[in-house]
Amino acid sequence: MAEKKIPRVQKCIAVLWPSFMVAIVATGLFFSAFDPVDLFPFGNETGISRLGVYTLGFFAFWLITAVSGVGTLYFAVTNCLRTNADKQP
Amino acid sequence: MDAPESKGTAAPRQSDEQVTQSLYAKQEKIYPREVHGLYARLRTLGVLGLLGIYYITPWLQWDGHQAVLLDLPARKFHILWFTFWPQDFIYLAALLILAGLTLFFVTAIAGRIWCGYACPQTVWTEAFLWIERKVEGDRMKQKKLDAMPLNARKFRIKATKHAVWLLFSLWTGFTFVGYFSPIVELGRNVMTFNLGPWETFWIFFYGFATYGNAGWMREQVCKYMCPYARFQSAMFDKDTLIISYDELRGEPRGSRKRSTDPKAVGLGDCIDCTLCVQVCPTGIDIRNGLQYECIACSACIDACDDVMEKMGYAKGLIRYTTENALEGLKTHIIRPRIVIYAIFLAVIMALFTYSISQRVSLGLDVIRDRNRLYRETDEGLIENVYILKVLNMDAAAHEYELRVSGIEGLQMYMDLPEIRVPGGDVLELPVRLRADEAELQERSTEVVFELVATDNPDLSVTEHARFLGPR
């Protein structure tokens, strides 16, 4: 089993770390284009400050990018398993 | 200098050393030995300088405000006399491209100088290693401490180390947030326990990241997580500055007495003291050749030079060199890739400087009133209503004059007696335009708003808009 050879902690970091970096870039791009204040056209009733919206936005982006990373990892590992299975007689 | 620890074997680690399942990969814990010498002094200088810049910058004042404040809550970046708005994002992007290109350029010439001297990972790891040495003692003491079973003394020492690390990390997190939120106010809020939830969160988040990366992960960040470490070899060629062991001179390695003539016993200059391995923060043996784990910190150079001096041999068995120089060929500093990087850098830097110098600190947005396309006045004129957003990006207040053109006999009415905007502020200005229907050629005619500061004709912007009529 090729999958077992990659420790779980390495898989976690392989997903969480690149998605973290991309989430930073995405947050920067998104919030330089949109002011959180304008995102609530009927008044911000939650009382969350701009800094709070940035923070939540960052984690939302991180979640999305991490989900994509999990998909990539899943396909990469399962493909790898299939290729290895083909090779074996 | 301490006596070399083990002789006669090139095996870098002794079997009794503990193998830890550290955060990332199963591997032996690395205890880098403290090193003294020219490059160690340079690195200390770099570390102190960079840490100083990081911790002091947010406290500097400029013209009555924080000199560097990337004020996220107010959506304005203050850098010395410049104020950047979200509209200026392009400058930030250009700056990042410049930084990237500079890194490529420097890497092609001088190799991984960045990794060894300037990378935050290196800088904070050095600081954490220094704290560790102050609390736990030198390399041998650290190893002994880790090997012993947990007792009161060990617990006390370990607890002290982590407490100091955590305090230092939290201070780092506090400083980090101080770049984005006025630091004096932030400090006051910390003192009075009035810190907002988001600021608190980021101080702890960044503090925890510092503690984890510099205290626990260390060289594993470079080896497994750093993208630059993976692709830097693409910038390398045979003329790039590297740190290398001179195999021709060093081999065959072996221990010998100081008085022995190495040639007589058929040995090279390497006495195989393994000090170069002991000082290595990434735990590699430089004598095995160029390895991607090498962060070019030059600790092995210092360690080896010291030994060579003691043995009475020439220094530089491990040294800064190039692949060409090692093979006895000439090293070329100017070569196609250097020239190409330099041209790119120069062009982008020139464009960046030019556009910053030409930047007009005035913005104008024209929004048509959405409720109604046009209105006919009692006098039979066609009226259109606009909302003008005047953005004064300058630090000083200005008064502006508004002109409009595009239709013959166009009349303009404003509700405000004057257009005066304080520094760094936005003014919403409703404007009504009236035109004679006879002058309109089409249903939609282009009009041009021009806004000029009364005290400085260079501060001017134009903005196009549509004037709608019945035709």
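This is a predicted model: local features need pLDDT of at least 70, side-chain atom pairs count only at pLDDT 80 or more; totals for chains, interfaces and linings use all residues.

User: In what order do the 3 strands of the open sheet in chain B sit?

Analyst: The pairing in this open sheet is antiparallel. Its edge strands in chain B, each pairing on one side only, are β5 (68-71) and β7 (82-84). From one strand to the next the twist averages 15°. Reading across, the order is β5-β6-β7.

User: Are α1(B) and α4(B) roughly parallel or roughly perpendicular to each other?

Analyst: Helix α1 (residues 38-56) and helix α4 (residues 120-136) of chain B have axes 10 Å apart and pack at an angle of about 105°. Angles from 65 to 115 degrees go in one class. So α1(B) and α4(B) are roughly perpendicular.

User: And how many charged residues are in the contact of α1(B) with α4(B)?

Analyst: On the α1(B) side the contact is made by B:Arg43, B:Val47, B:Leu50 and B:Leu51, and α4(B) brings B:Val123, B:Glu126 and B:Ala127. By class there are 5 nonpolar and no polar residues, and the charged ones number 2.

User: What handedness does the crossing of α6(B) and α8(B) have?

Analyst: The axes of α6 (residues 152-178) and α8 (residues 197-217) of chain B come within 7 Å and cross at roughly 130°. That angle makes α6(B) oblique to α8(B). The contact includes B:Trp165 and B:Phe174 of α6(B), along with B:Trp202 and B:Tyr211 of α8(B). As for handedness, the crossing is right-handed.

User: How far apart are the centres of domain 1 and domain 3 of chain B?

Analyst: The domain assignment of chain B gives domain 1 (19-84 + 119-235), domain 2 (242-326) and domain 3 (362-468). Taken over C-alpha atoms, the centres of domain 1 and domain 3 of chain B are separated by 52 Å.

User: Which helices of chain A each supply at least two residues of the side that touches chain B?

Analyst: The contact takes 12 residues from chain A and 13 residues from chain B. The chain A side has 5 nonpolar, 5 polar and 2 charged residues. The helices of chain A that each supply at least two residues there are α1 (8-33) and α2 (50-87).

Notes
Residues are numbered from 1 along each chain as its sequence is written. Chains are lettered from A and ligands numbered from 1 in the order in which they are written. Two strands pair if DSSP finds at least two bridges between them. Helices (H or I, at least four residues) and strands (E, at least two) are DSSP runs, numbered from the N terminus. Axes are lines fitted to C-alpha atoms, for helices over the stretch in contact, and angles run from 0 to 180 degrees between N-to-C directions. Two residues are in contact if their C-beta atoms, placed from the backbone, lie within 7 Å. Ala, Val, Leu, Ile, Met, Phe, Trp, Tyr, Cys and Pro count as nonpolar, Asp, Glu, Lys and Arg as charged, and the others, Gly among them, as polar. Domain bounds come from an automatic or database domain assignment. Angles under 35 degrees count as roughly parallel, over 145 as roughly antiparallel, 65 to 115 as roughly perpendicular and the rest as oblique. A crossing is left-handed if the near helix is turned anticlockwise from the far one by less than a right angle, and right-handed if clockwise.
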